[in-house]
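Hello,

Here is the structure I promised to pass on to you. Please have it open while you read the notes below it.

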Amino acid sequence: MENIEDVYELSPLQQGLLFHTLLDPDAGVYLEQLSVSLNGPVDAGALRQAWQAVLDRHAVLRTAFFWDGFEKPLQVVHRRVALPLEEMDWRGLPADQHADALRTFLQRDRERGFELTRPPLLRLSLIRWSDAGVHLVLSFHHALLDGWSLARVLDEAAALYAARVQGRDADLPPVRRYGDYVAWLQAQDLAAAESFWRQRLAGCRGSAALSSGHATEQSGYAEAWFTFPPETVGALEARARHHRLTLGTCLQGAWAVLLSRYSGERDVVFGTTVSGRPASLPGVEEMVGLFISTLPVRVCVRPDARLAVWLRELQAQLFEASEHHYVSLVQIQEWSGLGRRTPLFDTLVGFENYPAASTAAQAAGHSAQAEIHERTGYPLTLIVVPGAPVRYRFLYDRSRFDAETIARIAEHLRMLLVGMSEDLDQRLSALPLLTPGERRRLLEEWGAAPSPYPRDACVHHLFQEQAARTPGAAAVVEGERTLSYAELDRRAGRLARRLQALGAGPGARVAVCMERSV
């Protein structure tokens, strides 16, 4: 107990991350890994001292989580924890083996995970390739830090490292503890948030799931990077400014349209992240911890709506939702009325509006290349990285998606944004989804020989004529199951006779409830 500095509850997103981690502790979910290649010598002693000072400054980096035997999970701040820094010397390893060795190490490091009750939930690994080339790996649990906080931690580590190498003191401002933010959360109006989310999600049926359309034999998660064409982004930003819209709103609008086109639903829901740093809390910009919140975005995609007007409505909705971010997604799920078994959404859209790579490059005073590995608990996550050019990546569950499907989704998203960049006054229904190649294939190959549709015949009569002409031809295919026209005709006849026996006749309405299948 002498080493305990403070105890308080978890923030809403911390609760969610803890839940998903405990649900599947071996999955590596929400383990973040920053991997940095540095060019130049590194003083390991100064690096250790700098990072230890960062841990000493910020309570959240000395935090562990406890849940057994408590009504609510708690985070316990320790007064002092030692920085885990592992040094490895790979200078004897041939250069052509560096990439494979690093890939293996990073995978094993992720598999190690963290024991959530033993702080710190953060570690450093320093790998020496040569006397002047090193690789630095920072691994931490996402429950400690969001992107902005990570950038601040890296800035402080860089300043402290430089000061120690140069033999001087680093002049860093005092910091506020993360517990002050948790106290602010607990003082918010829970009833107002409940009223807002109940109204916003009334009648919601949850998100239509996306997938490859067929089962895959892969497991685990993968990521794929793409780049938006600079000319598209430039034109879209100009049009968005004219209509007082943000690029982020346009991107989320495009994602909503894509989900609607894929699912055939006009009422779609996806998740998004907001910064979560309240302007009313003094010193919040300098605080370190997990502030972002994950919120549902429910969008009515109206094909006849004017794009600019619809996007302004979406932007207002996003702002209003961000004002009620201080509750957990578990509470919002409960208020939605869907129950726990039906997820509100299974796709997430996030924005990396922080300079993680550049600050990582400064962390040891050298030029560097940085990569961030992360994994969410959702089947499909879209992360947009602003810059020149604007890049984006998909994190996806390989049991639900294959690489080809992800590439196709990326192309369709690009086409929607191209359409937006050309005209924000058009109707949603006019936005293009298909690529030029897909349109050409539809028009020239699949639609090369159109046949006139007989205006004086009913569909079931045309089907019976086809069944008579080609009784053995395949009419329905589902996986390995196939029905011929003759078999489908016989099944239709049996069903018709059954309905007649139950009293159905001309003009009667018959309700049909079934899954999409043979």
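Searching the whole of this predicted model turns up 14 aromatic pairs. One of them is formed by Phe228 and Tyr392: the ring centres are 4.0 Å apart and the planes make 15°, which is under the 30 degrees that counts as stacked, so this pair is stacked. The two residues come from distant parts of the chain, 164 residues apart. Phe228 sits in the loop between strand E8 (221–227) and helix H7 (230–242), while Tyr392 belongs to strand E14 (residues 391–397). Are these two buried or exposed? Both Phe228 and Tyr392 are buried.

Trp255 and Phe394 make another pair, with centres 6.1 Å apart and planes at 35°, so this one is tilted. Because Trp255 is in helix H8 (residues 247–263) and Phe394 is in strand E14, the pair ties together parts that are 139 residues apart in sequence. Trp255 and Phe394 are buried as well. If you want to pick out the whole group on your screen, ring pairs join Phe226, Phe228, Trp255, Tyr392 and Phe394 into a cluster.

Arginines also turn up over aromatic rings. Arg391 lies over the face of Trp225, 4.0 Å from the ring centre. Arg123 does likewise with Phe114, at 4.3 Å from the centre of the ring.

Next, the sheet. An open sheet is built from 3 strands in the order E1-E4-E3, with antiparallel pairing. Strands E1 (4–9) and E3 (63–66) are at the edges and have a single partner strand each, so one side of each has no neighbour in the sheet. From one strand to the next, the twist averages 25°. Between E3 and strand E4 (residues 74–78) there are 4 bridges, and Phe65 has Gln75 in E4 as its bridge partner. Helix H5 (residues 178–186) packs on this sheet and touches E1 and E4; the directions of H5 and E1 make an angle of about 25°.

Finally, a helix pair. Two packed helices are described by the angle between their axes and the distance between the axes. For helix H6 (residues 190–200) and helix H9 (residues 307–322), the axes come within 11 Å and cross at roughly 145°. Which residues meet there? From H6 they are Phe196, Trp197 and Arg200, and from H9 they are Gln317, Glu320 and Ala321. By type, the residues of this contact are 3 nonpolar, 1 polar and 2 charged.

Best wishes

Definitions and conventions. Residues are numbered from 1 along each chain as its sequence is written. This is a predicted model: local features need pLDDT of at least 70, side-chain atom pairs count only at pLDDT 80 or more; totals for chains, interfaces and linings use all residues. Side-chain values use heavy atoms; hydrogens and water are left out. Two strands pair if DSSP finds at least two bridges between them. Axes are lines fitted to C-alpha atoms, for helices over the stretch in contact, and angles run from 0 to 180 degrees between N-to-C directions. Contact means heavy atoms within 4.5 Å. Ala, Val, Leu, Ile, Met, Phe, Trp, Tyr, Cys and Pro count as nonpolar, Asp, Glu, Lys and Arg as charged, and the others, Gly among them, as polar. Rings of Phe, Tyr and Trp (its six-membered ring) pair if their centres lie within 6.5 Å; planes under 30 degrees apart count as stacked, over 60 as edge-to-face and the rest as tilted. Buried means under 20% relative accessible area, exposed over 50%, partly exposed in between (1.4 Å probe, protein chains only). A charge sits over a ring if NZ of Lys or CZ of Arg is within 6 Å of the ring centre and within 35 degrees of the ring normal.
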